[in-house]
Amino acid sequence: MFLNTIADHCRNQPDKLALQFIGGPPVAYGDLARSVNRTANYLLSLGIQPGDRVAVQLPKCLPFIYFHLAAMQIGAVFLPLNPAYPAAELRYFLADSGARLLIADAENQSKLDPITDALPDHRKTTYLHKPADSGANWLLDYSARRRYALPDDPDQTAMMLYTSGTTSRPKGAQITHGNLTANISALHQAWGWRADDVLLHALPVFHVHGLVVALHGALRAGATAILCPAFHAELTLEMLRSRRFTVFMGVPTMHRRLYQAAGGQRIDLSHMRLMTSGSDRLPDDLFFGYQETFNITLLERYGMTETGMNLSNPLHGQRRVGAVGFPLPGVSARIVDPGTDAPLPDGEVGEVQIKGNHVFKGYWQQPAKTAAAFTADGWLRTGDMGLRAPDGCFTLKGRAKDLIITGGLNVYPPEVELVLMQHPAITACAVIGCPDQEWGEQVIALIIPRPGPPPAAADIIAFCRQHLAAYKAPRRVVFVNEFPANALGKIQKAKLRESLCG
Ligand code: MLC
């Protein structure tokens, strides 16, 4: 399994550089094993059992990675929480997951204590002071004394990632050790990962893209990951030019900013072995702009939280603009009529459905929603629309579900609408995404105010930010008198998009 492969690298190449934050200490594979072991021993000393949820809300830093690997190593379920979540969202994630332990930044103690005090399953919060500087020194007391075996059941849950729902609150997607192993092995093969690769890691680590595809990818290969605590286009571009790196992964918004940072100059990055784009559709002009400016053809791939990666353009051979490529090794993909689940002929647009050992085991404590996510014969309904060319190459053509993607992050309108409806001055609302060159889409709220003086748009945005992470809050608020509705009274969002997005 995947964790065993990392353990092998730690034994076989203890002096090889595994991880290093920009400006931080080098962490060789041997150091990584020691720090993760200590962290695992710390978790065991707290009585953490296999299956217990261990929530971690830390910035992108070494302790985050140590807790991630340590929790999985002792069979606990790792639950990453974006530091951008406000108290209201955090309370929900901690309560829904029944997390036993929370690891958090001491700066947030006054915000977190009142939340965790009220949670029945919560046992302890460990606060780290300046986590980005703390490495693993504070764990010296927990040198590897207790022995534990790495999980060997592929169906055991390794981590839980919350995904928003089309009709409900976010759901915890349970990703197993078998899922992670299958997916990272497929990517290793498809993208030709090598031990001498050096990844420049600029993505957040709270999502599948930065955590699994990028970080696990490098560790699985026994390669080196150099990590940026946050993404800065100019700095990243400077580093990419340095010829030290071979692999870079980003969302289209990051690639757009890198392209703009070049300021119209040609900068040759053809020494990069692999530069990928995902989490949202790569716009055609950016694909060609990259070729022109950087002498690089971005490799676009397609995945989702519930599956990890599904489809990819080829490492060797033609990468097609606008296409997401072919099924990865071990992945089956098909296009069906979303009403009947009947497969459609090549060239026809339908829902993309996926099968394989990489597909998650279900939503935490949501059997009905899990059942609804799969067809009777076990295909995952992705909610994405697409078509397959006769040679097997897939292209996405929009979404069956009501979803906005902004800067590579998913925002489900119902989640924002639920918050808006709690505002005392709002009678009705609809949230839509409008195309935007930098972000892919922007969140827009349309509102019918209650009679009386209308609320200020800024107040409504501030209200949303109190209850939701900033990226989910509307960028623009538009006041209207009524909504176009169909015969059943359902708001016709397509019409709103047509009239508003231009
Ligand atoms: C930040 N902001 C966003 C945003 N990110 N708003 C909308 N959408 C986003 N994605 C807000 C900030 O809160 C800030 O608001 C304002 O925008 C400007 O911030 P910024 O400094 O310009 O943004 P920055 O912090 O640089 O973030 C941009 C970004 C980031 C592109 C680097 O969004 C990012 O890291 N995106 C990657 C997300 C990702 O990893 N997705 C993978 C999901 S996994 P204010 O007003 O508070 O200052 C997945 C599966 C798969 O989808 O297939 O990969």
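Helix H1 meets helix H8 through Phe-2, Thr-5, Ile-6 and His-9 on the H1 side and His-216, Leu-219 and Arg-220 on the H8 side, where contact means heavy atoms within 4.5 Å. The model is predicted: local features need pLDDT of at least 70, side-chain atom pairs count only at pLDDT 80 or more, and totals for chains, interfaces and linings use all residues. Residues are numbered from 1 along each chain as its sequence is written, and side-chain values use heavy atoms, with hydrogens and water left out.

**Helix packing**
- H1 (residues 2-12) and H8 pack at an angle of about 50°, with axes 9 Å apart; axes are lines fitted to C-alpha atoms over the stretch in contact, and angles run from 0 to 180 degrees between N-to-C directions.
- This angle makes H1 oblique to H8 (under 35 degrees is roughly parallel, over 145 roughly antiparallel, 65 to 115 roughly perpendicular, the rest oblique).
- By class, the H1 contact with H8 has three nonpolar, three polar and one charged residues (Ala, Val, Leu, Ile, Met, Phe, Trp, Tyr, Cys and Pro are nonpolar, Asp, Glu, Lys and Arg charged, and the others, Gly among them, polar).
- Helix H3 (residues 62-73) packs with H8 (residues 208-220) at about 80°, their axes 13 Å apart, and the two are therefore roughly perpendicular.
- On H3 the contact uses Phe-64, Ile-65, His-68, Leu-69 and Met-72; on H8 it uses Leu-211, Leu-215, His-216 and Leu-219.
- Seven residues of the H3 contact with H8 are nonpolar, two are polar and none is charged.

**Ligand shell**
- The ligand is surrounded by 22 residues (a heavy atom within 4 Å), and the closest are Arg-257, Ser-279, Arg-301, Thr-406 and Arg-475.
- Helix H10 (252-261) and strand S13 (299-304) each supply at least two shell residues (helices are DSSP runs of H or I, at least four residues; strands are runs of E, at least two; both are numbered from the N terminus).
- S13 gives the most, with three residues.
- The shell has 10 nonpolar, eight polar and four charged residues.

- A side-chain N or O atom of Ser-279 is 2.6 Å from a ligand oxygen.
- A polar backbone atom of Gly-303 is 3.2 Å from an oxygen atom of the ligand.
- A polar side-chain atom of Arg-475 lies 2.8 Å from a ligand nitrogen.
- Taken alone the ligand exposes 1,000 Å², of which the protein buries 71% (Shrake-Rupley method, 1.4 Å probe).

Notes
A polar contact is a pair of N or O atoms within 3.5 Å; within protein, one must be able to donate a hydrogen and the other to accept it, and residues adjacent in sequence count only if both atoms are side-chain atoms.
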